[in-house]
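I opened the model to look up folds, contacts and cores. My entries follow in the order I made them.

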Amino acid sequence: MTGLIILGTFMGLIIVSFAAITQKKLADSIILFMGVGLGSVVLFFIFKAPDVALTEAVISAGISSLIFLMALKHLGEQK
Amino acid sequence: MSVKKVSLKRELPTTTLSGFALSGLLVLTILNILLQNMPSKIQTAGNALLKLNATEGVANAVTTVVVFFRGFDTLGEIAVLFIASLGIGLMLHSNSKCNIKAESNFMLQTASRLLFPIIMLFGTYVMIYGHLSPGGGFQGGVIIASGVLLLLISHKTFEVPHSVIVALETFAGVSYVLIGLIGLLVLDTFLGNFLPHDIAQMGMLLSGGIIPIIYIIVGIKVGSEMSMIVQNLIQRSRDV
Amino acid sequence: MFEFLNQPEVIKTIVIVGSMLLLFIGLFGLLTRKHIIKIFISIAIMESSIFLLFIGLTFKIDSIAPILDSAHTNVATMNDPIPHAMILTAIVIGMAVLALGVSFAIEYFKLTGKTDINEMNEMRH
């Protein structure tokens with residue numbers, strides 16, 4: 001059962017990350033990158049590493065998203 | 001004289017990309033075969049460290065490794081954080097007043113005032129109980145910075161005073177090195193554990209010697225630096 | 001059929017192949033994208049893949065988290081705490097350096113107005 005969950009999460013991560021770098025608009029790229037952070041947190045939880053999962057959840061959802069969204073605001077919506 | 005536009009990067013042809021993919025698959029198979037047949041001697045370093053962790057009287061093994069066994073690396077990493085925050089402050093600092101005309105949404109204002117003390121309390125709890133349950137200084141500091149971020153985006157004239165952040169950061173950085181030097185004087189090792197740490201106290205709040213004290217200091221420093229980074233990023237966008 | 005996936009060799013294979021594929025997707029994005037923020041996103045995806053590789057290689061099936069307790073005192077079934085400590089600091093440092101890079105990009109845009117890396121050729125003349 002554990003192996004199946006790990007396989008499914010990895011496949012989801014690969015699909016989401018490939019979609020994140022082949023989008024036309026910048027806003028879609030940033031939102032799909034936040035999905036990579038979410039899948040990473042799920043995987044750290046399955047690997048029984050609670051400290052790393054907590055750190056990655058807070059940083060990916062709070063600070064890393066803010067950095068890219070502020071870049072989007074200053075740079076404007078271009079290709 | 002006309003200047004010719006030179007493009008720096010040529011387009012990648014498809015043969016290069018397919019050769020790249022094939023070599024990537026080759027690296028995958030070789031790495032797989034090498035890493036599967038690791039000798040089992042490598043796995044016993046973690047077991048030895050877990051047994052050694054019980055002599056410090058701290059319940060969370062990851063906290064002991066970060067603060068005590070590899071405490072000097074944590075000091076270097078805090079220095080890297082300080083340099084990054086300094087660079088961001090140099091580039092993006094602005095003292096202009098807020099020029100935004102519209103207030104933010106009423107629901108956002110009320111909810112952020114409700115959530116801010118809860119987030120601060122949770123961040124302080126995660127920071128102080130770092131040696132008993134998953135958590136610690138890094139996690140608690142970033143949680144506190146996200147609470148400050150919530151207030152910054154919902155109220156258009158809120159800002160943390162610059163002198164407060166500077167005072168907290170200086171105090172935390174200096175006291176880390178001072179505690180290390182006191183350990184050098186008492187025990188002949190930099191960052192030695194000079195407060196009492198019995199095994200019988202494992203699981204209590206006051207256990208583990210200087211380990212919770214150092215982690216709280218790291219939490220204060222990381223929290224104040226992240227707050228400064230966040231404030232610099234947001235304040236630049238306020239002078240529209 | 002799903003018992004086949006729970007053997008330690010198969011899990012290690014899945015972890016290595018998955019994280020290396022993530023690394024190569026990030027590398028592909030780094031080499032072929034032109035917008036500078038997309039290049040930073042690709043670098044962040046590459047960093048995430050390496051963190052997953054480190055933690056996934058020391059994972060045994062019936063292991064518990066490395067926290068000693070009055071109920072859990074058998075250290076033979078606990079995870080290795082050393083990679084956890086190293087990845088913890090690596091995540092924080094990676095994010096701080098990414099913030100510095102993005103602030104450089106913002107300042108450059110405010111100065112010249114270019115985001116395409118093929119047009120950033122002031123040092124060429």
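I call a residue buried if 20 or more other C-beta atoms lie within 10 Å of its own, exposed if 12 or fewer, and partly exposed in between, with C-beta atoms placed from the backbone. By that count, buried residues make up 35% of the 240 residues in chain B.

Ground rules next. This is a predicted model, where local features need pLDDT of at least 70, side-chain atom pairs count only at pLDDT 80 or more, and totals for chains, interfaces and linings use all residues. Residues are numbered from 1 along each chain as its sequence is written, while chains are lettered from A and ligands numbered from 1 in the order in which they are written.

**Chain B**

I looked up the secondary structure, taking helices (H or I, at least four residues) and strands (E, at least two) as DSSP runs numbered from the N terminus. Chain B has eight helices and zero strands. Its radius of gyration, taken over C-alpha atoms, is 24 Å, well over the 18 Å that the globule rule (2.2 Å times the number of residues to the power 0.38) gives for 240 residues, so chain B is more spread out than a compact globule. I read the span of its C-alpha trace along the principal axes as about 75 × 55 × 40 Å.

For contacts I used C-beta atoms, placed from the backbone, within 7 Å of each other. In chain B, 74% of the contacts with a separation of 6 or more join residues 24 or more positions apart.

**Chain A**

I found three helices and zero strands in chain A. Its C-alpha trace spans about 45 × 25 × 10 Å along the principal axes. Of its 79 residues, 46% are buried. Residues 24 or more positions apart give 48% of its contacts with a separation of 6 or more.

I then picked Ala53(A), which sits in helix 3 of chain A. Is Ala53(A) buried or exposed? Ala53(A) has 22 other C-beta atoms within 10 Å, so it is buried. Leaving aside neighbours within four places in sequence, Ala53(A) contacts Val41(A), Phe44(A) and Phe45(A). From Ala53(A) to Val42(A) I read 7.7 Å, C-alpha to C-alpha, across 11 residues of sequence.

**Chain A against chain C**

The contact takes 38 residues from chain A and 42 residues from chain C. On the chain A side, helix 1 (2–21), helix 2 (26–46) and helix 3 (50–75) each supply at least two residues. Helix 3 of chain A gives the largest share, 13 residues. I sorted this side by class: Ala, Val, Leu, Ile, Met, Phe, Trp, Tyr, Cys and Pro are nonpolar, Asp, Glu, Lys and Arg are charged, and the others, Gly among them, are polar. The side of chain A that touches chain C has 25 nonpolar, nine polar and four charged residues.

Which residues of helix 2 of chain A meet helix 2 of chain C? Among them are Phe33(A), Val36(A) and Leu43(A), and the chain C residues include Ile41(C), Ala44(C) and Leu52(C).

**Core**

I counted a nonpolar core as a set of buried Ala, Val, Leu, Ile, Met, Phe, Trp, Tyr and Cys residues joined through C-beta atoms within 7 Å. The largest has 103 residues, and those with the most contacts inside it include Ile67(A), Val142(B) and Ala99(C). Helix 8 (residues 211–235) of chain B gives the largest share of this core, 13 residues. Beyond four places in sequence, Ala99(C) touches Ile67(A), Ala84(B), Ile88(B) and Ile229(B).

Technical notes:
Contact = placed C-beta atoms within 7 Å.
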